[in-house]
Amino acid sequence: MKNKLQALARIITIAAMLWCCSLYAEAQESGRTLTGKVTSEEHGEPLAGVNVVAKGTTTGTVTDAEGKYRLTVPEGTDSLSFSSISYITRDVGISGRTTIDIKMKTNIRSISEAVVVGYIEKAKGELTGSVSNIDGKVLQRTSQMNLTQALQGKIPGLVVNNRGGIPGSDNAAIFIRGKATLGDNSPLIIIDGVPRESFAHLSPNDIESISVLKDAAAAIYGAQAANGVIVIKTKRGKPGKSVIQLSSDYAISAFTKLPTYMDAFQYATWENEIADRYGMVKQWSDEDLQKFKTGSDPLTHPNTDFYDEVFRQWAPSWHHNISASGGSEKVQYFVSGDYLQQKGLYRSDALRYNQYQIRSNINAAITKDLSIGFDLSGRLEKQHSTSRDVSSLIPFIASWAYPYNVAYYPNSLPGVGGPEGQNPVIISSDKAGWVEHNNKIFQSKLSLNLNMDWLTRGLSLTGYGVFDFNINSEKIFNNTWTVYQYNETTGEYDPQPGDNQDVGNTRTLNQSDEMTQTQFYHFRISYDRSFGDHNVSGFVAYEQQRGNWHTLSGYRRDLISDRKVDLFTGGTSKITNNGSSSETGRVNYFGSFSYNFKRTYLLDFTLRRDGSFNFPEEKRFGIFPGIAVAWNMANEPFLSPAHDWLNELKIRASWAKMGNDRIPAFQYLTQYQLNSYYIFGINPRREDGFTVANTANPNITWEVSNNSNLGIDGVLWNGALAFSLDYFRAKRRQILITRSESVPQYTALELPLENLGKVNNEGLEMIVSHKGSIGKLNYTVGGNLTYNHNEIVFMDEPKGVPSYMRQEGHPMDSWVVYETDGLYESQEEIDQSPHIQGTKPGDIKYRDVNDDGQITGDDQVRKYTSPIPQLQFGMNLGLSYRGFELNAFFSGQAKAQTMLLFLDGGNKPIYLFNDRWTEANKNARYPRAYQRTDIYNTKSSDFWLYNASFIRLNNLELAYNFPADWLSAAHIAGLRLYVRGVNLMTTNKIEGVFDPEINTSNAGYYPQQKTIDFGLSLSF
């Protein structure tokens, strides 16, 4: 707690110093104070965030939530400039006035204008491809600790699945327009023009915008574009007054759903019923059951809820950010610092994550034509967890920590808890060991831009070099511990050592260090010029990327203490060490050409030639073209009568050939691995030697995707209503698979991966938004929807596979299950149908699909669904009245199924007990009590498939923006207080104890979380 307070104090101190500096600077200026209000000309609502600048100076401010401003201007100032990204800039003369109220007109062309498309930016009205964009301000108003989760439901075409919430390891699974290949579906990530591995842990306060390129708009990225591209632009400074912003959040988080399992009485009853079924002696007498039920003997008949012993209800987190931006016409800057601390829900506090990051983006004009940029960013990630894998703890508790075991005795001694002393309260703490993971990321970019109008108007040269370092360090420490067993005979507590499942009863340490270095170079010559109504632009570019990776690791056992955990404190037996390295490289040549006539008829053409290290030299390069056209009908004379209400009506069409080279590297080479398989000598012993690790394929190449897209965009009534609709189709070819039909498995041949697979993917996207006002109440409402359907065209599937088991012609990620028809209610019903020998009333009834009179593996069928939804959607609602704001965002999915089947022995969710089949409950939902080795009720069947559709209240925010005239005396530009809720409510059809985005059949994961967040943002 002390460290957190110190960190916050430092941030507040820095903010105060910067504030004082700004006060001092303003105090040096003499002049008069102007006030006023800025409203929309079309709707009359106040406009917040409008820049108000004294013309010819850097003195300025921004309007508050009520559209009001207060500005002291230097002597001699004769006019004010009012500007906002969505409105036409106005310059207004002062003429001796002290109050200046103005109305601003919507600039339709500038709505969503700064859309990043590949290596350039375009106004949305000039886009020909399918590009979705989200403003960084939207991300700042969510409280998810991970940016991938914050995008769920907000961007059409972006399918986001939140599969868990481990602090620091909570990345969501992301697919652009669903899954389209049997291989790697990961999209390409571009941050400020540079390919990066992830954007999950970027500070939302540093992001200007995120664009998602989905069709030919992505083709400019060639061999890495087939899965779509996510382009992120970070903030940069602008000429004008320095703006200092501070935000601070405190949040508490809890699991959205945590499973409730049987208590000791229920589980003992369950075990007795299993014994009854098999004619065995019951383990528990009626007296035992009564003691479990009443809790009258906690020493010998405890009733332990291990989930309650391990997990707390709420865990805290802190997030603080400070930034400064501004500059002159010569130099602009944006600098920021960000701190995040997130606690896990272990009572032991052994699960935690700390993140520190800084960013500096600086632009400087060296001459009239030459400017340079220098960007630096650094991030330190420190994750601490237990040596027992976090995701495995929940199923371990269910399988092995029976509720009639002891967590802690009344005298506070830990009980055995689980097999070999693996008490969950011990293994969920540092007492049993820990994992420390530190990741240091340093990224730098030096860029230049040369305006070459002196050669020909519209010509420019851009170049940048990138140098990145990533140092990843990890320690995995396994400790020894002691538990106690109450001895009823002696009344004593007998100690016994705990036994780590991996290393036994000894201290061990695995330590490793990885280092990755990346160099990236980009050079581009651009041309942008208008000839009357003809507008032409384009560029040609060259890129080169090189990466190096190496790792070094060591292992020791028998460490002398848990107080000094280093390799040198270990013993000398079974010492191991290891090291490896690899390198990557790419070379790219590409270009783009754009033309439009009166911004009514638009054409974009891209061409890229990519070379990848993944392929043999003679097949290393490929060519990837793309073309897109659009017609903005709203600009046509025949629609001029509608110009009063029709601002844009644009039809788009595109086609592109793109690649996917995300495959295991060097498949074209015969690879070798070092093993101790060779035995030599008179006294035979194993010797190290190389063995062949793969079968090489010298013809390997990238996957190819032929993508086509049709779309229509509309803007009506000056932006009061906007919509976009897209139909897309992608034909993915040359997917890497292993032959199954042409070379049968019984040949025992080890075959290489070959470019044989084929998959088609198609779907629809839609987005609709509306904004307006009723008096002083302003509102926005909108929604988006994405539907996609994929189909395996070819995967060399054996022809003997029954039609009801085939994958070709059906979607990917299907379930292989037995079909069921409820539960057997009587022995007579069993006797009259095919069944598994030994079936009893209350067991699951399986269908004899192939009509052979018996239930075998040949009766399994495919269910063509998966946890990845075919339909995903989002809905948003925003209200503002004076300084108050209410923002709500819902996300959801449909056409998805997940399986919950508890195959392991041990305890099970309480709903299986409460609605199980018994002689007294023959209309039960679930089968009779069953055990781990049960062959009647634990088969993968549609009985255990659940509809994973849901609607989730993803974000709810209530905020208040203080009026500018309240703050002006303290020289504060803006103050916003808010309370937010994340994942507060979920409506779904899965049993209430599990989150609908669960993606494991035995609940073996760290669940998603709901969060309540309190915070403020301050600017001056």
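Two strands pair if DSSP finds at least two bridges between them; helices (H or I, at least four residues) and strands (E, at least two) are DSSP runs, numbered from the N terminus. This is a predicted model, in which local features need pLDDT of at least 70 and side-chain atom pairs count only at pLDDT 80 or more, while totals for chains, interfaces and linings use all residues. Residues are numbered from 1 along each chain as its sequence is written, and side-chain values use heavy atoms, with hydrogens and water left out.

**Exercise 1.** Trace the pairing of strand β20 with β19 and with β21.

*Solution.* 
1. Strand β19 (residues 331-343) is joined to strand β20 (residues 352-365) by 13 bridges, and the two run antiparallel. Here F334 stands opposite N361 in β20.
2. Strand β21 (residues 370-386) also pairs with β20 in the antiparallel sense, over 14 bridges. R359 stands opposite S377 in β21.
3. Four residues lie between β20 and β21, which form a hairpin.

**Exercise 2.** Is S253 buried or exposed, and which residues does S253 touch?

*Solution.* 
1. S253 lies in strand β17 (residues 240-255).
2. Buried means under 20% relative accessible area, exposed over 50%, and partly exposed in between (1.4 Å probe, protein chains only). S253 has a relative accessible area of 6% and is therefore buried.
3. Contact means heavy atoms within 4.5 Å. Not counting residues up to four places away in sequence, S253 touches Q313, W314, A315, L345, Q1009, K1010 and T1011.
4. A polar contact is a pair of N or O atoms within 3.5 Å; within protein, one must be able to donate a hydrogen and the other to accept it, and residues adjacent in sequence count only if both atoms are side-chain atoms. The side chains of S253 and T1011 make such a contact, at 2.9 Å.

**Exercise 3.** Classify the aromatic pairs F255 with Y1006 and Y261 with Y307.

*Solution.* 
1. Rings of Phe, Tyr and Trp (its six-membered ring) pair if their centres lie within 6.5 Å; planes under 30 degrees apart count as stacked, over 60 as edge-to-face and the rest as tilted.
2. A search of the whole structure finds 42 aromatic pairs. In one of them, the rings of F255 and Y1006 have centres 5.1 Å apart and planes at 75°, so the pair is edge-to-face.
3. F255 lies in strand β17 and Y1006 in the loop between β47 (974-988) and β48 (1009-1019), so this pair ties together parts that are 751 residues apart in sequence. Both F255 and Y1006 are buried.
4. Y261 and Y307 are stacked, with 5.0 Å from centre to centre and 15° between the planes. Y261 lies in the loop between β17 and α4 (264-277) and Y307 in helix α6 (residues 306-310), so the pair ties together parts that are 46 residues apart in sequence.
5. Y261 counts as buried at 9% relative accessibility, and Y307 counts as buried at 6%.
6. F255, Y261, Y307, F311, Y346 and Y1006 form one aromatic cluster.
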